[in-house]
Amino acid sequence: MPPPLAVVVDSIEFEISVLYTIILGVILVVFSGMLYAMLFYTLYIELDNDLKLKAEKISQSINIYLEVKGQDPQALMFAVEKTIASQGKRLSRWWIIGFESRWFRQIEGMDMEEDYVNFVSHQSQSLAKSGNMAEELAGLFLRNAEFLSQPSFKNLSYNRRKMRLINYPFVYKDARHTIQVGVFQKPIAEAILAWLNSVMISVP
């Protein structure tokens, strides 16, 4: 005896609803994945470009000083320490004139008080670091130093917070040193990424 028409209809409706749910779930997963990828790419590209620009400014500042004052090791150490360790401090004084006065004003205009900067020698030693960098963080940077011909980026975790780090090559007398600039990722970016992760996990 064939099943009643109502049962058949209910069965068909159930199958359609299941199929609809599956299709909707697939669309949501694909959309969330595409949105995640686009957001991930945009956030990191913007952050990496900012870190690279800051590392380039540090490199240019050191090279400008060396071009004027000479290539001896003392000049290098002075340029590195003033450029990196003096961030957020006033260097220019009324009695300092000429090149050094202009150079100090250039350093003061870098605006890197919230960044963490470390200069690593080719012997993997930290020659100078920004004043806001704790020894533990400096050790973390040092362990992630790379000496490549091109800038490289790394993701770090410090005090349960995510950081983005650039290793920027600096060549001095054929020796490759590294300028490291790191910054904590913005909380809003972490929140958006966490939300997208939760959406992808919650989809059946």
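Begin by selecting strand 1 (116–120), strand 2 (126–129), strand 3 (152–158), strand 4 (161–172) and strand 5 (175–184), which are among the elements that cover the buried residues of helix 4. Here helices (H or I, at least four residues) and strands (E, at least two) are DSSP runs, numbered from the N terminus; contact means heavy atoms within 4.5 Å. The model is predicted: local features need pLDDT of at least 70, side-chain atom pairs count only at pLDDT 80 or more, and totals for chains, interfaces and linings use all residues. Residues are numbered from 1 along each chain as its sequence is written, and side-chain values use heavy atoms, with hydrogens and water left out.

**Helix 4**

Next, select residues 135–143, which form helix 4. Leu 137, Ala 138, Leu 140 and Phe 141 are buried there. Seen down the helix axis, the buried residues fall within an arc of 160°, so they line one face of helix 4; the arc is that of the directions from the helix axis to the C-beta atoms. Buried means under 20% relative accessible area, exposed over 50%, and partly exposed in between (1.4 Å probe, protein chains only).

Move to Gln 150, in the loop between helix 4 and strand 3. Gln 150 counts as exposed because its relative accessibility is 54%. Which residues does Gln 150 contact, leaving aside its neighbours within four places in sequence? They are Asn 167 and Pro 169. Select Tyr 168 as well: its C-alpha atom is separated from that of Gln 150 by 7.0 Å, although the two residues are 18 apart along the chain.

Now select strand 5, where nine of the ten residues are buried. Two strands pair if DSSP finds at least two bridges between them.

**Two loop residues**

Strand 4 and strand 5 form a hairpin with two residues between them. Select Lys 173 in the turn, where phi is positive at about 55°. Lys 173 is exposed, with a relative accessible area of 54%. Finally, select Arg 160, in the loop between strand 3 and strand 4. The phi of Arg 160 is near 65°, and this residue is exposed, with a relative accessible area of 86%. Most residues other than glycine have a negative phi.
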